[in-house]
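User: I am new to this structure and would like to go through it with you. Could you take my questions as they come?

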Amino acid sequence: MQEDRGTQVLNYIALVWTVARKDLVLELRTLERLIAMGAFAVLIGVLFQFSIDTSLIRVQTIAPSLIWMTTVFAGILGLGRTYIIENENKALAGVLQSPVALDVIYLGKVVSNFILLLSVVTLILIVFSLFFNLSFPIEIKGWLSLAGVFSLGVLCFVSIMTLLSAVAVNNTMGESIIPVLVFPLLVPVMIHAVTATNRIFANRPFVEIEGNLRMLVAMVLIFLMLGASLFRFAIED
Amino acid sequence: MTSRLEAKGLVRRFSRLRAVDGITFDLQAGELLTIFGPNGAGKTTLLNILAGVMCPDEGQVLLDGNVVVGSERQWRKEFGLVTHQTMLYDRLTAVENLSFYSKLFNLEDSERRIWDAMEDLEVKEVANQPVGSLSRGFQQRIALARALLHDPKILLLDEPYIGLDLYASRLLRDLINQLKDGERTVVLVTHNFGQGLELADRIAIQVSGQFIFTGSSDGVELTEFEEFYCRKIEELRS
């Protein structure tokens, strides 16, 4: 009985990865979304560099906010197109005709979007560290905290975006509806993600970040569960 | 004798429009039903309901006497759907597309099934080419391979001839003919009267969501049927 349960879980994970892998292969063959998000991130970094008067403002104090805003805007640009590829030849109708549960499709897309956006975040951090002379953590623990905050924050954002881009693809307003829906939902995520990032760059002790990390974990779980259960209404006729 | 596929009083509304309006029929294993009808008659909606992609507002679909519940996705293993949209990813190769679907259907021995399907449908030569770079005929045959990969009891074909040239169209007709193995039940929706009649065991005409005619295809002549069809449509419109 125990083994059956274990096999079921492994099969479920394998199916989620099948959907995610297919999306990643399709993206790597065109690089459409990655190039758009990457170029956007670099250009925004350049614009911030020229538009902020560093003699008046200490850039390091606002850099975490700028990094997260750039992540969100780049994400809206790229992840808003999650289902465009599925509309080609009505491919999603074929997937929906399979016996796979809808939450598998949703979670597969969350995984692929997470990997894509996390790679863009890495680029954003490199660009911003070059332009704004960011002081990265010295200790391993600080690096792990930074990785944790960005992974959790990005996962929250991606779980919301993956659901809302499914809404957008079947909506007459199209992608323009996404920012209207996503920004209010992102407020609590941004509060905790930006606060934690600020404290990590300020080399504050882990206890000051722990609370934010816990809140981000809770939000990840809430958004993933909501996304998986509401996906049906966004995608099915 | 229990029917392989049975539709009982199917109704599907879109606002005020009744796209499918009380359709009832039953098919035995191995039978092929061809549905003809003008554009907007609700034929695609009917196939989507049969495939479980869409839920009916009223009525039931029964498979071997058991009610097919759309939300229970395991039923979908028993149905294969081919439309004029291939439902394939253009940037994946034929093998990659079929491999993806074999994983979604959790098929055992998927490698063998994929290559067998490609051999049966004569698409092995383009197995490693991106689907988007192939001709419409090849794409449609790969779409058919995708629908048959899990060996469904019911095959639903929605205007599969659209966009095919004469040769590809004949090839597809021969392939569908081969599928009439006495076990698989096929529902074909087409505007191609010649091929639709040739393949059919039973025929139906659907207009405004309703079957206005159902019967056997035995002894039905193409020209006579075309005249009958046009006359029926004119009667209804006047």
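Analyst: The answers below describe a predicted model, beginning with chain A.

User: What helices and strands does chain A have?

Analyst: Chain A has 9 helices and 0 strands. Read from the N terminus on, the elements run α-α-α-α-α-α-α-α-α.

User: And how compact is chain A?

Analyst: Chain A is as compact as a globular protein of its length, because its radius of gyration is 19 Å, close to the 18 Å that the globule rule gives for 237 residues. Taken along the principal axes, the C-alpha atoms of chain A fill a box of roughly 60 × 45 × 30 Å. Of the 237 residues in chain A, 41% are buried.

User: What share of the contacts in chain A join residues at least 24 apart?

Analyst: The share is 85%, counted among contacts in chain A between residues at least 6 apart in sequence.

User: Turning to the interface, how many residues of chain B are in contact with chain A?

Analyst: On the chain B side there are 22 residues, in contact with 20 residues of chain A. Helix α2 of chain B, residues 94–104, gives the most to that side of chain B, with 4 residues. By type, the side of chain B that touches chain A divides into 12 nonpolar, 3 polar and 7 charged residues.

User: Now the sheets of chain B. What is the strand order in the sheet of 4 strands?

Analyst: That open sheet of chain B has the order β2-β1-β4-β5, and its pairing is antiparallel. Its edge strands are β2 (17–27) and β5 (66–67) of chain B, each of which pairs on one side only.

User: Which partners does β1(B) have?

Analyst: Strand β1 of chain B, residues 5–14, pairs with β2(B) in the antiparallel sense over 8 bridges. Within that pair, B:A7 has B:F25 as its bridge partner, and B:F14 stands opposite B:L17. The pairing of β1(B) with strand β4 of chain B, residues 58–63, is also antiparallel, over 5 bridges. There, B:K8 has B:Q60 as its bridge partner.

User: What about the hairpin of β1(B) and β2(B)?

Analyst: There are 2 residues between the strands of that hairpin, and B:S15 takes a positive phi near 55°.

User: How is the sheet of 6 strands arranged?

Analyst: That sheet of chain B is open, with the order β6-β7-β8-β3-β9-β10 and mixed pairing. Strands β6 (79–83) and β10 (210–216) of chain B each have a single partner strand, so one side of each is left without a neighbour in the sheet. The twist averages 15° from one strand to the next.

User: In which sense do β6(B) and β7(B) pair?

Analyst: β6(B) and β7(B) pair in the parallel sense, over 5 bridges. B:F79 stands opposite B:I154 in β7(B).

User: Which helix lies across β3, β9 and β10 of chain B?

Analyst: Helix α7 of chain B, residues 222–237, lies across those strands and runs at about 25° to β9(B).

Conventions
Residues numbered from 1 in each chain as written. Chains lettered and ligands numbered in written order. Predicted model: local features only at pLDDT ≥ 70, side-chain atom pairs only at ≥ 80, totals over all residues. Contact = placed C-beta atoms within 7 Å. Nonpolar A, V, L, I, M, F, W, Y, C, P; charged D, E, K, R; others polar. Pairing = 2+ DSSP bridges. Rg over C-alpha atoms; globule rule 2.2 N^0.38 Å. Buried ≥ 20, exposed ≤ 12 C-beta atoms within 10 Å, placed from the backbone. Axes fitted to C-alpha atoms, helices over the stretch in contact; angles between N-to-C directions.
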